[in-house]
Amino acid sequence: RKDTRTAEQLRAMVCELKPLNQADGSSRFNFGRSQVICGVFGPREGRRADRDSAESTISVSWNRGDGVSGLREKGMETIIRKTLEVLVVRSQDPQCVIQVALQEIVEDGSSLATGINAAVAGLVDAGVALHSLCTAVAVALMPDGS
């Protein structure tokens, strides 16, 4: 590995809460050199279409550091949103929207895991009710089985 870790070693993890002043909750999560910052806005009253729901709606946006967005980013948004929908007590804030904005600052592998961890920490910082916490890691299986 370029970063000199052995096969059994995890990337170093660092989590900072409240790096953003304007968000209801925020976090910065580092997994090794990979870094994602998260801003959580809400729960806030939803649009007319959201007001018919007995549960809150979770909206996730993923932005790369270079501003380019494509299928990879849309896929990551979907995975993170589905993960958060299971964790958040959505019945607590019916007809509301919880917006989770993720900005990839540095991409050095494990971006999805870094984003999930940043999102969960941001929700905790915002005081959003959760059924449980989760953490994410990235695991690779090499062709030789190691």
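User: Which residue in E5 is the bridge partner of Glu45?

Analyst: That's Cys96. Keep in mind that this is a predicted model, where local features need pLDDT of at least 70, side-chain atom pairs count only at pLDDT 80 or more, and totals for chains, interfaces and linings use all residues. Residues are numbered from 1 along each chain as its sequence is written, and side-chain values use heavy atoms, leaving out hydrogens and water.

User: What order do the five strands of the open sheet have?

Analyst: Strands of a sheet pair through backbone hydrogen bonds, either parallel or antiparallel. Here a pair needs at least two DSSP bridges; strands (E, at least two residues) and helices (H or I, at least four) are DSSP runs, numbered from the N terminus. The order is E1-E2-E3-E5-E4, with mixed pairing. E1 (13-17) and E4 (57-63) are the edge strands, each pairing on one side only.

User: How many bridges join E2 to E3?

Analyst: Seven, between antiparallel strands E2 (residues 25-31) and E3 (residues 34-45). Phe31 stands opposite Ser34, and Asn30 opposite Gln35. Two residues separate the strands in this hairpin, and Gly32 in the turn has a positive phi of about 65°. E3 also runs antiparallel to E5, joined by nine bridges.

User: Which strands does each helix lie across?

Analyst: Contact means heavy atoms within 4.5 Å. Axes are lines fitted to C-alpha atoms, for helices over the stretch in contact, with angles from 0 to 180 degrees between N-to-C directions. H1 (residues 71-87) lies across E4 and E5 (96-106), at about 145° to E4. H2 (residues 111-126) lies across E1, E2, E3, E4 and E5, at about 150° to E2.
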